[in-house]
Amino acid sequence: MKIFKFGGSSVQDATAMKRVSEIILNHSNCGIVVVSATKNTTNELEQIAKSASLNEVNLMQKQLESLTLRHRAIADDLELDIGLSLSELESELQMCSQSILGDGEILPKKMDALYSLGERFSSLILSSYLSIQHDRAILLKDIREIMITNDSWNCASPLIGEISQRVQLWKPAIEDALIVTQGFIGSTISGETTTLGREGSDYSATLLGEAFSASEVFIWTDVAGVATCDPRIVPSAKFIEQLSYDHASRLAQFGAKVLFERTLEPAMRAKFPVVVKSTLLPSEVGSRIFDLPKRDGVVGLALEGDILSIIGENLLSEEVSILNNLSDYEIYKQTNEYVALRILSEDIEDFVREVHSKIL
Ligand SMILES: Nc1ncnc2c1ncn2[C@@H]1O[C@H](COP(=O)(O)OP(=O)(O)O)[C@@H](O)[C@H]1O
Ligand SMILES: N[C@@H](CC(=O)OP(=O)(O)O)C(=O)O
């Protein structure tokens with residue numbers, strides 16, 4: 001059984017949802033679909049919380065209206081008859097926002113309750129669309145039934161033992177239906193909503209992969225895999241077809257936003273591959289991350305603020321000496337596995353392109 005995770009960019013509008021449906025149709029061995037909130041929704045929920053906390057009621061109402069209208073428009077474009085279910089979520093959205101009104105600050109616990117609406121809207125819309133497009137039974141499930149975490153609001157840690165017990169509840173359903181559920185969100189043992197950290201839906205998917213002994217977890221996104229650097233910064237960056245868990249983890253940890261930094265922990269424990277693919281170009285091979293033996297040399301670059309990390313294996317030699325020809329940086333940290341530079345140049349992205357062209 002495979003698990004597919006679709007990020008916010010992959011479900012951003014009706015056209016994107018149709019693409020997702022097509023991909024699922026072409027993969028009958030997909031058993032669980034994990035979905036993120038539609039693109040930008042989680043940021044918008046943060047803006048709503050901010051307006052509420054500052055008691056800016058009119059602004060908050062405008063922001064709420066725009067978010068709900070956007071989701072209604074996607075549902076209309078897909079010709080879905082889910083007005084009542086959307087109304088229920090909209091009421092909860094109002095309630096969660098009202099609960100923050102005038103607080104003067106955003107309490108992390110209240111933010112988690114509000115955050116959860118993003119993934120619950122997108123999963124409702126996607127599952128409803130899949131139900132009318134597919135012959136297979138489609139079941140929308142609330143991941144909070146099984147994704148049990150501690151109460152570190154906004155960046156909760158999963159309770160693996162608890163999750164592995166709770167998945168038994170879903171096992172009969174998986175026999176007969178394709179399950180659609182939410183990434184990012186979870187629940188404490190006592191039933192209060194938590195989240196795994198911004199961008200955490202990748203982690204939700206691999207945690208489910210571990211709990212359900214999935215054969216593979218696919219992360220479907222807007223790029224054709226993990227590249228040697230963020231393609232938005234370095235358009236000539238190459239997609240890496242095969243990567244070790246360690247190298248992919250390090251790229252993620254040092255800023256490669258394509259994967260949430262803890263994504264590969266469950267995959268390493270349970271030893272299943274994680275495949276990163278593009279929803280826009282599904283026929284491209286993508287990147288396969290597995291127990292690949294390590295090879296010496298540079299694997300890729302990751303940028304976080306003004307820190308550029310060169311990731312690889314046995315890096316102390318020639319590769320890094322190339323940097324001697326460059327100015328405008330200082331070595332921040334250097335190990336066998338990575339070299340982190342603080343970029344002093346005004347044009348950070350230009351510096352990254354230069355390093356990439358010399359080193360990869
Ligand atoms: N090394 C990298 N390889 C591929 N993409 C990267 C890398 N580093 C950063 N990215 C960025 O990650 C983005 C995909 O992540 P994200 O925006 O979170 O997608 P999603 O909406 O699918 O969750 C890409 O559009 C790309 O700009
Ligand atoms: N919606 C959440 C979780 C997430 O992982 O989103 P995405 O898959 O679009 O990066 C966020 O934006 O933080």
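How far apart do the axes of helix 4 and helix 5 come, and at roughly what angle do they cross? The legends below begin with that pair. This is a predicted model, in which local features need pLDDT of at least 70, side-chain atom pairs count only at pLDDT 80 or more, and totals for chains, interfaces and linings use all residues. Residues are numbered from 1 along each chain as its sequence is written, while chains are lettered from A and ligands numbered from 1 in the order in which they are written.

**View 1. Helix 4 against helix 5.** The axes of helix 4 and helix 5 come within 9 Å and cross at roughly 165°. That angle makes helix 4 roughly antiparallel to helix 5. Helices (H or I, at least four residues) and strands (E, at least two) are DSSP runs, numbered from the N terminus. Axes are lines fitted to C-alpha atoms, for helices over the stretch in contact, and angles run from 0 to 180 degrees between N-to-C directions. Angles under 35 degrees count as roughly parallel, over 145 as roughly antiparallel, 65 to 115 as roughly perpendicular and the rest as oblique. The crossing of helix 4 and helix 5 is left-handed; a crossing has this hand if the near helix is turned anticlockwise from the far one by less than a right angle, and is right-handed if clockwise. From helix 4, Ser85, Leu89, Glu92, Leu93, Cys96 and Ser97 meet Lys110, Ala113, Leu114, Leu117, Arg120, Phe121 and Leu124 of helix 5. Eight residues of this contact of helix 4 with helix 5 are nonpolar, two are polar and three are charged. (Two residues are in contact if their C-beta atoms, placed from the backbone, lie within 7 Å. Ala, Val, Leu, Ile, Met, Phe, Trp, Tyr, Cys and Pro count as nonpolar, Asp, Glu, Lys and Arg as charged, and the others, Gly among them, as polar.)

**View 2. Helix 3 against helix 4.** Helix 3 (residues 57-77) packs on helix 4 (residues 83-98) at an angle of about 160°, and their axes are 11 Å apart. Helix 3 and helix 4 are therefore roughly antiparallel to each other. Their crossing is right-handed. Met60, Leu64, Thr68, His71, Arg72 and Ala75 in helix 3 face Leu86, Glu90, Leu93, Gln94 and Ser97 in helix 4 across the contact. By class, this contact of helix 3 with helix 4 has five nonpolar, four polar and two charged residues.

**View 3. Helix 2 against helix 5.** The angle between helix 2 (residues 41-53) and helix 5 (residues 108-133) is about 145°, with the axes 9 Å apart. Helix 2 and helix 5 make a right-handed crossing. Thr41, Thr42, Leu45 and Ala49 of helix 2 touch Met111, Leu114, Tyr115, Leu117 and Gly118 of helix 5. The contact of helix 2 with helix 5 holds six nonpolar, three polar and no charged residues.

View 4. Five bridges join strand 12 (residues 307-313) to strand 14 (residues 338-343). Ile311 stands opposite Tyr338, and Ile307 stands opposite Arg342. Strand 13 and strand 14 form a hairpin with three residues between them.

View 5. Strand 7 (residues 216-221) pairs with strand 9 (residues 274-278) in the parallel sense over five bridges, and Phe218 stands opposite Val275.

View 6. The residues around ligand 2 are Gly7, Gly8, Ser36, Ala37, Thr42, Gly118, Gly183, Phe184, Arg198, Glu199, Gly200 and Ser201. (A residue is near a molecule or strand if its C-beta atom, placed from the backbone, lies within 6 Å of it.) Two residues of this shell are nonpolar, eight are polar and two are charged.

Terms used. Pairing = 2+ DSSP bridges.
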